[in-house]
Amino acid sequence: MNPFWATCLILSSLLEGTRGRVLYPLPSKEHKHKQPLQTSRPYNIAHRGSNGEIPEETTDAYKRAIEEGADFIETDILATKDGELICFHDVTLDDTTDIANHTEFSDRKRTYQVQGFNVTGFFVVDFTLDELKSLRVRQRYPFRDQQYNGKFSIITFEEYIAIALDANRVVGIYPEIKNPVFINQHVKWPNGERFEDKFIELLQKYGYGGAYMSAKWLKKPVFIQSFAPTSLIYISNKMDSPKILLIDDFSMATQDTNQSYWEITSDSYFEYIREYVVGIGPWKDTIVPPLNNYLTAPSDLVYRAHAHNLQVHPYTYRNENSFLHFDFRQDPYEEYEYWIKTIGVDGLFTDFTGSLHRYQKCASGILR
Amino acid sequence: MSPLWATSVLFFSLFLGSHGRPLYPLPSKQQHKEKKALQTSRPYNIAHRGSNGEIPEETAAAYMRAIEEGADFIESDILATKDGQLICFHDVTLDATTDIAKHAKFANRKRTYEVEGSNMTGYFVGKFSCISSTLFFLQVYLDFTLAELKSLGVKQRFSFRDQQYNGKFSIITFEEFIAIALDANRIVGIYPEIKDPVFINQRVKWANGKKFEDKFVETLQKYGYGGAYMSTEWLKQPVFIQSFAPTSLVYISNLTDSPKIFLIDDFDIRTQDTNQSFWEITSDSYLEYIANFVIGIGPWKDTIVPTKNNYLTTPTDLVDRAHAHNLQVHTYTFRNENSYLHFDFHQDPYAEYDYWIKTIGVDGLFTDFTGSVHQYQEWAQASATNEASALGLLHKLALMISSFEGEE
C-alpha cells in the first residue's frame, strides 16, 4: 500500500474518531422528575454512608444509605500526596484499610503532629491516589458486619458526587473540609491554590451552588461542613452553598483559631458566625451531658442556636447499646424520639440510616 | 377497777374487734369496672421476666414497668422453696441475680456439684436445671425458705444493663405476681412456667401427696384462672401455662382447661422428664399428639431459623408445621442489644421484629424489651390503617403532584 495513502487514511479516521457521536442521555438516566428532597422534618444524614452495615465511605455504603432513605450522604474529604481529593475519615490508614498487608508500603510509617497530638501511622498524605486505590477498606468496628472487608476501595470526591447525582431521587451531599490545617501543611497545589479552593472547584464543576432552600440548591442539595471556622469563612466568598460549623467536645480547641468550646458556642460568636454558616454540628454529649451513662439536664445550646437562626445537626447516632444511654432502654428509636421531639434538632448524623428512616416514617404515621 | 370487770371488758372488746368491719372495695379500684380488653388481633407481646431490659428480672417493678409499656402478658418462672412456697425465679442458683454473696449468714449454704466433670459452685434454690443432654448428679436439695429468700436483694443479671436498681427489690411469690396482673387497670395476662418440675418434685414434698404441678394449678384456681383459650372466662383473666416438661402439661390438663404452651429447647437438649430429642418432639406425629394437650409451642428462635456466623440461614418449616396442626408459635427471646442481633438486622431490634412477625409469622414474642415491641406493633398497626385512610391517600396525591414540579 502507498505510504502516503495509508497516512491519509489513518489521519482521516482519527478525525472521524474524535468528531465523536451525538451525545444523548443514557436511557437508564431519564430521571427528569426526581422525587425532591424532603424538607418537612429533620434531615436524615447518612454519616459516612450506611456504615453500620458496610465499611464506611465506600460506594456500597453510600448506595445502601440512599436505598434506605437518606436525605444526605455524608463524607470527609482529605487530600492525597498528588493533590487528589478522596473520601476518607482518618488521616491514617491503619484502622479502616488493609495497609498492614501491603508490604510494598511498609516503609511509609510516620509520626506527625495532628491538631497538637503526635500521631503515628500510615498517613493518607504520603500516598498517591493510585497507591490508595490499591488498598482495600474494612469495617472499623469489630462488632459490626465483617463480611465486606477487603472488597471495596477508597473513592474520590468526584466518585462520591456521582453516586448522589446518579440516584433516582434528589439526594443531597454533605462533605467535610477535613483537617484543612494539616492538609495544607502537607500537600501543595500549583498556582498557590489551597485545599479549600480545590474542594470548591470540584463542587462547582458538578453544578453545586445556590443559597439554602433556593431553587438551585433544592435540585442539588449540599451542606459544607468543617471544624475549622476560617476555612468556612474563606470559602464563603467563593460559594453561597450553606455551611455548617462542626463543634467538638468540651476539651477541644479549634485547629485553626485555637478557640475553646465555650468561646465558639457563646452568643456573641453565634452572632458573628451566622453571617457565614446556616447551622452548627455539635457532639451529642455536649448538648445533653451524660453522667454514668444517664442523661442529665440539657444545656441551652440548641435553644440559643435556634435563637440565632442556626440549625443544629448533632452527631453521631448509633444503634449499638454501648452507645445508648440507659434512659433509652437500649432502644435506638427512643433516642431518636428524644432528640427529635424533646430537644428539637434539625438533622441527625447517623450510622444507621435505615433505622432513622423507619423512625421518621413511623413516628409521623405516614408512609413514605 | 375490778379484775372481773376488766376481764369482761377485754373479753367483749375482743368480740368487737374480731367481728370486723364490712368489706367494701377500695376507692382506688372502683373505676376499673370496665377494663380495656386484651388485644388479640396481633402477635402477643410477652414481657419475658418482666421488663428486665431495664429493671432486674421477675421483680414487682419489672412487671409493673412491663404493664406500663403495653405488655399483653407478663411472664414468669415458678420454682419452689424449701418450705414448699411457689416463687418467681428463673435460675436454680442465687448467684447471678441476687446479692446472696453479701449475706454472711448464708455463707455455709454454698454447695458444689459435679456437672460432667466440671464443678459448679453456687447457692441452690432448688435443683440445677438441665443444660446438657447427658446425666449429672442429682444430689441436690433445697436450701432456702421463703422468709430467707425474702431477705435477699435482686440484681440485674447482665452487666451491660442498668445497674441502678440492684439490691432495691426482693424476690416475689407466685401469688404476688398474680396480684400485679389483676391489679392493673387494663386486662393483663399471666404466663407462668412450671419450671424444673422433675427435680422440684424429687426435692420438695407437699402434704397429702400433692405435687408441684398440683400446687401450681391450685394457686391459679384460687385467683379464678380458668377457661379454654378465647373463652369469655379466659378473656377476663388470660393465662398461658408453659413448661419444657410434656408430662407436667399432660398431667395438669386433667386439672385445668387453661391453654398450655410446650416449650422447646435447643437442638441438643432432651426433655427432662421423657428424655426425648428435639427432633422427636418437633416431628409431625408428636405435634399431632401434643396438640391434644397444648395450644402452642415455644421454641428457641435459633432453632426455627438456624444461624451461621451470626447470619440467618434458611428458615426451617417448624412454624408452618406447627400452624398446620393448629398450634401457635411463641418464640424466645428478643433482646435489643446488638450482641443478640444477627447481622441481617443491622443492629436494629425493630428489623428483627419485622422479620419474625411479617416473614416468619409467629404468634407471640418473648421479649426483654416490652416497650420496644409495643412501639413497633403500634407503628405497624398505624401504618396499616393509614394506607387505606384518607390522610394516606392525600399524602400519596401530594407525592404524585410534587414529582411534576420538576423544571421551572
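For sorting lining residues by type, Ala, Val, Leu, Ile, Met, Phe, Trp, Tyr, Cys and Pro count as nonpolar, while Asp, Glu, Lys and Arg count as charged. The others, Gly among them, count as polar. The model is predicted.

## Largest cavity

Three cavities of 30 Å³ or more turn up in a search of the whole structure. The largest cavity has a volume of about 90 Å³. Its lining consists of A:Q115, A:F227, A:L246, A:I247, A:D248, A:M252, A:A253, A:T254, A:Q255, A:Y261 and A:I264. Two or more residues of this lining come from each of β8 (243-247) and α9 (261-264) of chain A.

By type, the lining of the largest cavity divides into seven nonpolar residues, three polar and one charged.

## Second largest cavity

The second largest cavity has a volume of about 60 Å³. The residues that line this cavity are B:E57, B:E58, B:C88, B:F89, B:H90, B:T97, B:V154 and B:I171.

Four residues of this lining are nonpolar, two are polar and two are charged. B:E57 and B:E58 are the charged residues, and B:H90 and B:T97 are the polar ones.

## Nonpolar cores

The largest nonpolar core has 132 residues, of which A:I73, A:L93 and A:I224 touch the most other members. Helix α13 (residues 349-360) of chain B gives this core its largest share, seven residues. A second, separate core has 54 residues, including B:A80, B:I87, B:L149 and B:I171. B:I171 is also one of the residues lining the second largest cavity.

Leaving out residues up to four places away in sequence, A:L93 touches A:F88, A:I99, A:F122, A:V124, A:F127, A:L132, A:L135 and A:I154.

B:L86 belongs to strand β3 (residues 86-88) of chain B. Is B:L86 buried or exposed? B:L86 counts as buried because its relative accessible area is 9%, and the cut-off for buried is under 20%.

Apart from neighbours within four places in sequence, B:L86 is in contact with B:I78, B:L79, B:A80, B:T173, B:F174, B:W206, B:F212, B:K215, B:F216 and B:T219. One of these, B:A80, belongs to the second core. The C-alpha atoms of B:L86 and B:V154 are separated by 17 Å, and the two residues lie 68 residues apart along the chain. B:V154 is one of the residues lining the second largest cavity.

Conventions: Residues are numbered from 1 along each chain as its sequence is written. Chains are lettered from A and ligands numbered from 1 in the order in which they are written. This is a predicted model: local features need pLDDT of at least 70, side-chain atom pairs count only at pLDDT 80 or more; totals for chains, interfaces and linings use all residues. Side-chain values use heavy atoms; hydrogens and water are left out. A nonpolar core is a set of buried Ala, Val, Leu, Ile, Met, Phe, Trp, Tyr and Cys residues joined through side-chain atoms within 4.5 Å. Buried means under 20% relative accessible area, exposed over 50%, partly exposed in between (1.4 Å probe, protein chains only). Helices (H or I, at least four residues) and strands (E, at least two) are DSSP runs, numbered from the N terminus. Contact means heavy atoms within 4.5 Å. On a 1 Å grid over the protein atoms alone, a cavity is a set of points where a 1.4 Å probe fits but cannot get out, and a pocket is an open set with protein on both sides within 12 Å along at least five of seven lines; lining residues have an atom within 4 Å of a point. Grid points are joined across faces, edges and corners, and a volume is the space filled by probe spheres set on the points.
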